[in-house]
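Please look over the sequence and the 3D structure shown here before reading on. The notes after it are arranged by topic for a careful first reading.

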Amino acid sequence: MEATERRRRLRWLPAAVIAGAVVLDVATPRSISVFPLLAAAPSVAAPLLSLRGTIITGVAATLVGAGDVVYLERDLTQRSVVALVSLAVLTCTAAVLNVLLTRDRRQLRTSREVAAAVQRAVLADPPPRVGRLAVASRYEAAHEEAAIGGDLFAVKETPHGVRMVIADVRGKGLQAVRTVNALLGSFHEACDHRPDLPDVVRQLEDRMQATIGQAGGEEAESFATAVVAELSPDGSVVRIANRGHPAPLLVHDGQASPLEPATPSLPLGLGVLGGDDVPVDRFDLPAGATLVLFTDGVDEARDADGAFFDPVPVLSRPFPPDPGTVLDALLAALFRHTGGNLQDDAALLAVTPDGDGAVTGGGQRHDAVARPRHGG
């Protein structure tokens, strides 16, 4: 990770500060004091080094300061004594800060590990094959967070074809876990008992509204963006109901095409504002194509300048018909863009049908032309 490498390079900064103080002391007149620069060394070391390294840095700075007094000033003045005592006090203070920072990092790491364990228990990875599909999934938690996120995905084989869902529940924490559990259970139940894709979406909508009705405070304002998709039994056509979610990408023949909905729909939980209609778009799925679904932790990730990440150019190159390879390439580019630090959780799901029975062609919509997305 780039962040880890950057931190490793910064570990030399305290030593560089002391070395700079020595050079400045030798190269400048005696009237210029380098004690302020030496005093900065243990403070710089506290967040970067271990407790031992912080103490060693402080002792080294104090010894350099003592050497400055002995070899340059010759006389031990009151000002020199105060400066040396200040260095010793600053070293002790830096050591205390190091202990506190180490404890906080340990607690944060433990919280992240617990959150990751709960996330894995709630959101199990789908099997590598479901029906005639090769399947890959990835879940990357935001590095700035230690809370359980609300992203989810699932793939299920049914008599009507393979169905899949990817969604992003607003918020984090226990309420997000409850909502994710409710939506996953509702999706699996609907796949078994609902022959039509719109009915699956309506059941998810009902479940989301019931969950909101049982909540209180800010949790009662929750919603979930989602894409619910269904591949035909022969793997040649994908039907997509998009509920305010980032458009899936069709990766084929060196191009990545966003499968935008012809009619925008409100997220799950807000269906009462938009009626009972569930628009469904149909797209051809060419042989060897990979369908990539992701949450907004991907396309809303920013770099240091605030620019959004655009997955389309990254995936607009030849890929083997392997969903895992496609997701790995996408994540590698995403981490390069963000410097290794995601601002939000990112869930990704990719499927590649077997070639037998799949149609050839350019992934055209049956009832409308797929529109390319411009910008980030």
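The following briefing covers the sheet, the salt bridges and a surface patch.

This is a predicted model, in which local features need pLDDT of at least 70 and side-chain atom pairs count only at pLDDT 80 or more, while totals for chains, interfaces and linings use all residues. Residues are numbered from 1 along each chain as its sequence is written, and side-chain values use heavy atoms, with hydrogens and water left out.

**The sheet**

- Five strands form an open sheet in the order E3-E4-E5-E6-E9, with antiparallel pairing; strands (E, at least two residues) and helices (H or I, at least four) are DSSP runs numbered from the N terminus, and two strands pair if DSSP finds at least two bridges between them.
- The edges of this sheet are E3 and strand E9 (281-284), each of which pairs on one side only.
- E6 and E9 are joined in the antiparallel sense over four bridges, and Ile-240 stands opposite Asp-281 in E9.

**Salt bridges**

- The whole structure holds six salt bridges, a salt bridge being a side-chain nitrogen of Lys or Arg within 4 Å of a carboxyl oxygen of Asp or Glu.
- Asp-192 and Lys-156 meet through their side chains in one of them, at 3.6 Å from N to O; because Asp-192 lies in helix H6 (residues 174-193) and Lys-156 in strand E3 (residues 151-158), the pair ties together parts that are 36 residues apart in sequence.
- Glu-230 forms a salt bridge with Arg-163, with the closest N and O atoms 2.7 Å apart, and since Glu-230 lies in strand E5 (residues 224-231) and Arg-163 in strand E4 (residues 161-169), this pair ties together parts that are 67 residues apart in sequence.
- Both Glu-230 and Arg-163 are buried, where buried means under 20% relative accessible area, exposed means over 50%, and partly exposed lies in between (1.4 Å probe, protein chains only).
- Arg-163, Glu-230 and Arg-239 are linked in a network of salt bridges.

**The nonpolar surface patch**

- Leu-51, Ile-55, Val-59, Leu-63 and Val-99 form a nonpolar patch on the surface, with about 410 Å² of accessible area together; patches are made of residues with over 30% relative accessible area and no salt bridge, like charges being joined within 9 Å and nonpolar side chains (Val, Leu, Ile, Met, Phe, Trp, Tyr) within 5 Å, and accessible areas come from the Shrake-Rupley method with a 1.4 Å probe, for residues with only the protein chains shown counting as cover.
- Helix H4 (residues 51-73) gives the most to this nonpolar patch, with four residues.
- Val-99 lies in helix H5 (residues 78-122), and Val-99 counts as partly exposed, at 44% relative accessibility.
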